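Here are a few friendly notes to read with the model open beside you. Please take the points in order and find each residue as it comes up.

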Amino acid sequence: MASYPPLAEREIKNTIVLFDVDGTLTPARLSASPEMLNLLSRLRQKVAIGFVGGSDLVKQQEQLGAADVNVTTLFDFCFAENGLTAYRLGEQLPSNSFIKWIGEDQYKELVRFILHYVADLEIPVKRGTFVEFRNGMINVSPIGRNASVRERNEFEQYDKVHGVRKAFVEKLRERFGHLGLTFSIGGQISFDVFPTGWDKTYCLQHIENEAKRPGGVHYTTVHFFGDKTFEGGNDHEIFSDPRTIGHTVTGPQDTIDELKKLFDL
């Protein structure tokens with residue numbers, strides 16, 4: 001396995017390069033190419049590198065690691081679930097979760113309100129799993145996540161006309177606005193509820209904390225590469241954050257070309 005200079009001794013000082021995973025380092029849902037992994041290894045000799053993905057670490061292991069290679073050995077920083085689960089040089093950093101953040105009592109109150117609201121909804125069909133709990137958020141579906149493909153398509157059309165999710169979100173904002181939550185409508189049948197700021201910018205606090213470590217590095221230059229940097233895309237917040245230099249790429253080959261130019265690889 002390649003060895004790398006300590007973080008404070010990389011050739012390009014105080015600089016870290018962060019990458020989105022899907023559509024940036026790998027084709028969507030597929031694995032990284034040997035060429036990409038080789039280039040990242042060469043880049044890591046010069047600067048600190050990290051990935052920041054919305055999925056959990058299992059997914060990133062599938063896409064970036066291998067049966068005999070742990071993904072946390074390939075990057076200096078690994079930020080799964082936008083940094084709620086984080087690794088530095090293979091060691092896990094303190095993690096966070098939606099439930100830890102909101103507290104059990106407020107969480108129960110929120111879920112109780114959601115389930116009452118769903119119970120009273122007049123919509124053509126209801127199936128099951130109206131609230132799905134994930135580490136960093138809850139996903140709410142008025143029709144239920146167990147709906148068939150046909151039922152999902154039909155609900156999507158119904159929702160366009162009747163604005164079921166929009167009205168639901170407005171009610172939640174009204175009732176729970178004081179909790180500092182973001183309500184994000186996406187996909188066909190559901191919306192996400194998560195603490196405001198728990199997008200990809202969440203990982204930047206780990207980068208800032210690095211400077212507080214004994215002998216830690218104060219990163220003054222943070223590059224971010226992503227493909228969904230447009231407004232509404234899940235790379236937009238970190239791409240446009242004043243703490244980063246954002247780069248929009250169209251796919252892994254574009255990332256490779258940009259890195260070669262930028263870092264003379």
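Which residue's side chain does a polar contact of 2.7 Å join to the side chain of Asp-20? The partner is Thr-24; a polar contact here is a pair of N or O atoms within 3.5 Å, where within protein one must be able to donate a hydrogen and the other to accept it, and residues adjacent in sequence count only if both atoms are side-chain atoms.

1. First, some ground rules. This is a predicted model, in which local features need pLDDT of at least 70 and side-chain atom pairs count only at pLDDT 80 or more, while totals for chains, interfaces and linings use all residues. Residues are numbered from 1 along each chain as its sequence is written, and side-chain values use heavy atoms, with hydrogens and water left out.

2. On a 1 Å grid over the protein atoms alone, a pocket is an open set of points where a 1.4 Å probe fits, with protein on both sides within 12 Å along at least five of seven lines, and lining residues have an atom within 4 Å of a point.

3. Where do these two sit? Asp-20 is in the loop between E1 and H1, and Asp-22 is in the loop between E1 and H1. Helices (at least four residues) and strands (at least two) are DSSP runs, numbered from the N terminus. Asp-20 is buried because its relative accessible area is 5%, and Asp-22 is buried with 19%. Buried means under 20%, exposed over 50% and partly exposed in between, using a 1.4 Å probe and protein chains only.

4. Now look at their neighbours. Contact means heavy atoms within 4.5 Å. Leaving out residues up to four places away in sequence, Asp-20 touches several residues, among them Lys-200, Phe-224 and Asp-227. With its neighbours within four places set aside, Asp-22 has contacts including Arg-29, Gln-63 and Asp-227.

5. The unreviewed UniProt entry lists Arg-29 under "binding site", along with Arg-134, Arg-145, Arg-152, Ser-190 and Asp-192. The lining of the largest pocket includes Arg-29, Arg-134, Arg-145, Arg-152, Ser-190 and Asp-192. Arg-29 lies in the loop between strand E1 (15-19) and helix H1 (34-46), and Arg-29 counts as exposed because its relative accessibility is 56%.

6. Next, find Arg-134, in the loop between strand E6 (131-133) and strand E7 (138-140). Its relative accessible area is 30%, so Arg-134 is partly exposed. A polar contact of 2.9 Å links its side chain to that of Glu-132. Beyond its neighbours within four places in sequence, Arg-134 is in contact with Asn-139, Arg-145 and Asp-192.

7. Finally, the sheet. Four strands form an open sheet in the order E6-E7-E9-E8, with antiparallel pairing; two strands pair if DSSP finds at least two bridges between them. E6 and strand E8 (181-186) are at the edges with a single partner strand each, so one side of each has no neighbour in the sheet. Three bridges join E6 to E7, and Glu-132 stands opposite Asn-139 in E7.

Methods
UniProt positions are given in the numbering used here, feature names are shortened, and annotations may be inferred rather than shown by experiment.
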